[in-house]
Amino acid sequence: MATIVNITSWNVTSDGEDLNVANTGWTKNTTAGAYGSGAIKIASASPNTAWVSAVESAGYLRNETPGSANQNVRITLKRVGALIVNQRTYVLARATSGGDDWAGLYVSYDGGSPTIRPMQCVNNSISSLAGEGNVSGLASVGDTATLEIRVSGSAPTISLAAYWNGSLYYTWTITSSVLDPVGKVGWMGTTTAATATTGMHVTTFFAEDDSSGATGGGPLIGGLVRPILTRGRLVA
């Protein structure tokens with residue numbers, strides 16, 4: 001595996017500034033339909049954390065062009081305060097250069113536990129591949145968890161797999177060939193905003209692909225392939 005990007009900490013010069021002020025390598029995409037226009041901000045903390053400050057954030061896409069469309073994107077989430085119902089944090093893969101199309105996965109909070117859901121954006125139209133499914137974790141302030149999307153293959157059987165804390169939760173199929181191109185990786189937030197001291201923040205961002213010739217890489221956290229069954233369900 002070849003590393004696309006491995007961010008283990010965020011830079012900040014002024015508390016609450018936009019993520020891409022002091023963190024290079026990101027393009028803030030506001031393509032209507034595919035993304036919103038609000039900011040992801042950096043809270044000065046130990047470690048610094050990134051939080052979605054608007055109801056619909058822009059898509060923050062990495063500038064690197066991956067070597068392959070078979071991509072894994074992982075973020076570390078940290079609960080910094082009271083969880084916020086319907087705060088959604090997305091990881092994105094195969095985002096086209098114009099930002100119109102992507103394969104995505106979000107983690108949210110339904111008032112009882114975290115939930116995850118697979119999504120796609122095709123020609124500026126976002127739709128879900130399945131209902132939300134409950135996972136366990138983030139029960140207390142300071143708790144962390146990892147959300148990861150793994151996308152591989154080509155239409156009509158593109159595989160989108162969700163990993164929670166390193167274990168396979170579920171795998172779905174994308175049929176649209178619009179999502180065949182390599183695209184880029186990134187993240188965003190929608191529906192409900194967090195604050196500097198509440199909700200789920202992001203502390204790390206990692207992405208890799210299966211291309212050869214690049215430096216770095218290595219195994220992902222965990223790598224188990226057993227489904228998470230505890231409280232797991234899909235809700236139509």
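Tutor: Contact means heavy atoms within 4.5 Å. This is a predicted model, where local features need pLDDT of at least 70, side-chain atom pairs count only at pLDDT 80 or more, and totals for chains, interfaces and linings use all residues. Residues are numbered from 1 along each chain as its sequence is written, and side-chain values use heavy atoms, without hydrogens and water.

Student: What share of contacts between residues at least 6 apart in sequence join residues at least 24 apart?

Tutor: In this protein, 66%.

Student: Why is Asp18 called buried?

Tutor: Its relative accessible area is 16%. Buried means under 20%, exposed over 50%, partly exposed in between (1.4 Å probe, protein chains only). Asp18 falls under the 20% limit, so it is buried.

Student: Why is Gly137 called partly exposed?

Tutor: Gly137 has a relative accessible area of 35%. That value lies between 20% and 50%, so Gly137 is partly exposed. Its place is in the loop between strand S12 (133–134) and strand S13 (144–152).

Student: What makes the pair Asp18 and Lys28 a polar contact?

Tutor: Their side chains come to 2.7 Å. A polar contact is a pair of N or O atoms within 3.5 Å; within protein, one must be able to donate a hydrogen and the other to accept it, and residues adjacent in sequence count only if both atoms are side-chain atoms. At 2.7 Å the pair is within the 3.5 Å limit, so the term applies.

Student: Which residues is Asp18 in contact with, leaving aside neighbours within four places in sequence?

Tutor: Lys28, Ala39, Ile40, Lys41 and Tyr60.

Notes. Helices (H or I, at least four residues) and strands (E, at least two) are DSSP runs, numbered from the N terminus.
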